[in-house]
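Subject: Structure for you to look at, with notes

Dear colleague,

Please find below the structure that I promised to hand over. Could you read the notes with the sequence and the model open beside them?

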Amino acid sequence: MGEKRNCRELIMGSIFEKYLETANRIDPIKCVGRIVRVQGILIESRGPQAIIGEICRIELKRAASIDKKFIQAEVVGLKDEIVQLMSYGETGGIEVGCRVIASGSCLDVAVSKKLLGRVLNHLGKPVDGKGDIESPVRYPALADAPDPYRRPRIKERISTGIRAIDGLLAAGKGQRLGIFAGSGVGKSTLLGMIARNTSADVNVVALIGERGREVNEFIENDLGKEGLARSILVVTPSNSPPLARLRGAYVATAIAEYFRDQGLDVMLLFDSLTRFARAFREIGLASGEPPATRGYPPSMFDSMPKLLERSGTSEKGSITGFYTILVDGDDLDEPVSDTVRGILDGHIVLSRTLAQRFHYPAIDVLASISRLATKVSGSETKKAVGRVRRLMADYAGAEDLINVGAYKIGTNPMIDEAIAKRESLEEFLVQAVEEKSPIHETLKALGEIAGVEIPASEMESYSDVSKLVLPNDEEDDDYFEGTVFESVPDIEVPAEMP
């Protein structure tokens, strides 16, 4: 009888848990205001009493149906008695006099292991039709970065499965790198390769301002079933309002922070920071901020480091970030590129010239740098990297002479060697989308090109294997075996209960 009673209590607790959590978050006393003006994407109301970032509901007077009676909005500015809001969705149906009801809370997201393999919107709600993801644990979308004085140093390498990065631009666990390129050079494809092949435990993919058709293409072609199994996607397409694009970035970062707090190594793949910055520009200009460089408001330059600093190491785990930057006119000195490059721990430049030669991934190694490569590589590996980069630089310096036939073999021994090893270097750097290169094979090939023997001890110190076990169709629970998510078995409901 005692066991049945305990079982009944567990079942009832499980059933009502999410409803109790919802009830606890409800504030019975509501602050209400009225819409006084709507101009473009900016909504102004007199009242309610609210803080910046607070979520409000706008009650439509003439809603087409009961489920469209309310529009969610967020407070983006305060001016005397006027509250400035922006909607997460379309503003159709809003008119002067509509009630604005303050929620008393800011945006947060439900987090749990149920997020793995799911596709979410800018509010952290599922859009893939695979069921509920509610959880009593919630993380705020807007949060502070870890204390810099308590952050562990980055000493371990993380594998991406891409030879050009693992061999010549080594990344550490908790490092943040930017992928700089113009449109159509292969940024999204490169992110998909990293998501499938990385040694990180969990991927969080933020597709901010992407074309709508590219979402399924990324999931099915670039990410694939294997990549999706240990990934969470946060998607806000380009036709979303600017506030939705902005908050999608913060929701993705909050989800990555949750998995980091579980002691895991997280890979945050963010596409793209440029569209995040443009959303900030739209919001800033609409709310009356003065434009600064190329129309970007001062708040964008203030918020960019706050977002990026949330990645990195903590006392529990790590978030390694790869952020794409869409370079306007292939100008690496435009405001967003210049600002981001000064914050991140390295940059990977994709070359349109290489892409036009069908050299993929189109990584311009000589224009790229990983600021922590020397901290996470062994001594012989560093020698091999230096040797290969020197060969590439020597060839690039004499390429025009070589192409017109003006260079004579024997003139410069270093250039002679660069010419002799040009083909093997091309084979090393070019990699098919579906090809994974284990890190020990990458380092072995790098050593052969450089003429440096990299000892097995340096190769074996890096792991290509995630701490998580990928699921199979029969036993999804095995996904968490041996990890921090392994816990008590799910409650079984008896056939009969008195």
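Predicted model: local features only at pLDDT ≥ 70, side-chain atom pairs only at ≥ 80, totals over all residues.

Residues are numbered from 1 along each chain as its sequence is written, and side-chain values use heavy atoms, with hydrogens and water left out.

Aromatic rings

The structure holds eight aromatic pairs, where rings of Phe, Tyr and Trp (its six-membered ring) pair if their centres lie within 6.5 Å, and planes under 30 degrees apart count as stacked, over 60 as edge-to-face and the rest as tilted. One of them is the edge-to-face pair of Y258 and F259, with 5.0 Å from centre to centre and 70 degrees between the planes. Y258 counts as buried because its relative accessibility is 8%, and F259 is buried as well, at 0% (buried means under 20% relative accessible area, exposed over 50%, partly exposed in between, with a 1.4 Å probe and protein chains only).

F276 and F280 also form an edge-to-face pair, at 5.8 Å centre to centre and 80 degrees between the planes. Both residues belong to helix α6 (residues 273-286), where they are four residues apart, about one turn of the helix; helices (H or I, at least four residues) and strands (E, at least two) are DSSP runs, numbered from the N terminus. F276 is buried at 0%, and F280 is buried at 10%. Ring pairs join Y250, F270, F276, F280 and Y323 into a cluster.

Charges over rings

The charged end of R57 sits over the ring of F70, 4.1 Å from its centre, and R281 lies over the face of Y296, at 4.3 Å from the ring centre. A charge sits over a ring if NZ of Lys or CZ of Arg is within 6 Å of the ring centre and within 35 degrees of the ring normal.

A residue in strand β17

T324 lies in strand β17 (residues 318-326) and, at 0% relative accessibility, counts as buried. Leaving aside neighbours within four places in sequence, T324 is in contact (heavy atoms within 4.5 Å) with I179, K187, L191, F270, D271, S272, L273 and T274.

Two helices

The axes of helix α10 (residues 379-403) and helix α12 (residues 422-429) come within 11 Å and cross at roughly 115 degrees, the axes being lines fitted to C-alpha atoms, for helices over the stretch in contact, with angles that run from 0 to 180 degrees between N-to-C directions. V388, M392, Y395 and E399 of α10 make the contact with R422, L425 and L429 of α12.

Best wishes
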